[in-house]
Amino acid sequence: MKENLKKIKENSVLTLASWWGLRFPGEAKIIITKDKKINKYKRYYKHTFFIDKNNIPLESLNEECVIKDRDYKKL
């Protein structure tokens, strides 16, 4: 997972990130790469009963979609 995330970050054009705390602390990132792909990364910092009960992975990296040329030029 870390190697894939590192490759995506090296190829990134824009990264939007947020973090949250309190009950289920973690972070999320939307990464847009030079090959016009949108990737979503999410990481929870600790195991909780809710996360385990609902089979939510502590860390995930997904390719969501590809941006159209006209929208990519606006970035």
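**Figure 1. Glu27, Lys29 and Arg43 link up in a network of salt bridges.** This is a predicted model, and this view zooms in on the Glu27 and Arg43 part of that network. Their side chains meet with N and O 3.5 Å apart. Glu27 sits in strand β2 and Arg43 in strand β3 (residues 37-44), so this pair ties together parts of the protein that are 16 residues apart in sequence. How covered up are the two partners, Glu27 and Arg43? Glu27 is buried, with a relative accessible area of 15%, while Arg43 is partly exposed at 31%.

**Figure 2. Lys37 makes a salt bridge with Asp35 and another with Glu63.** Start with Asp35: its side chain meets that of Lys37 at 3.9 Å, N to O. Then look over to Glu63, where the closest N and O atoms of the pair are 3.7 Å apart. Lys37 belongs to strand β3 and Glu63 to strand β4 (residues 59-66), so this contact ties together parts 26 residues apart in sequence. Each of the residues in this view is partly exposed: Lys37 has a relative accessible area of 27%, Asp35 has 37% and Glu63 has 48%. Counting through the whole structure, you would find 5 salt bridges.

**Figure 3. Leu22 sits in the loop between β1 and β2.** The strands on either side cover residues 12-20 (β1) and 26-33 (β2). Is Leu22 buried or exposed? Leu22 is exposed, with a relative accessible area of 86%; the cut-off for that label is over 50%. For a sense of distance, pick out Phe50 as well: Leu22 and Phe50 are 28 residues apart along the chain, and their C-alpha atoms are separated by 14 Å.

**Figure 4. Stepping back, the protein has 3 helices and 4 strands.** Along its principal axes, the C-alpha trace spans about 45 × 25 × 20 Å. Of the 75 residues, 27% count as buried. The protein exposes about 5,800 Å², with carbon and sulfur atoms supplying 53% of that area. As for charge, there are 18 positive and 10 negative side chains, and the centres of the two sets lie 4 Å apart.

Definitions and conventions
Residues are numbered from 1 along each chain as its sequence is written. This is a predicted model: local features need pLDDT of at least 70, side-chain atom pairs count only at pLDDT 80 or more; totals for chains, interfaces and linings use all residues. Side-chain values use heavy atoms; hydrogens and water are left out. Helices (H or I, at least four residues) and strands (E, at least two) are DSSP runs, numbered from the N terminus. Buried means under 20% relative accessible area, exposed over 50%, partly exposed in between (1.4 Å probe, protein chains only). Accessible areas come from the Shrake-Rupley method with a 1.4 Å probe; for residues, only the protein chains shown count as cover. Lys and Arg count as positive and Asp and Glu as negative; His and the chain ends are not counted. The place of a charge is taken as NZ of Lys, CZ of Arg, CG of Asp or CD of Glu. A salt bridge is a side-chain nitrogen of Lys or Arg within 4 Å of a carboxyl oxygen of Asp or Glu.
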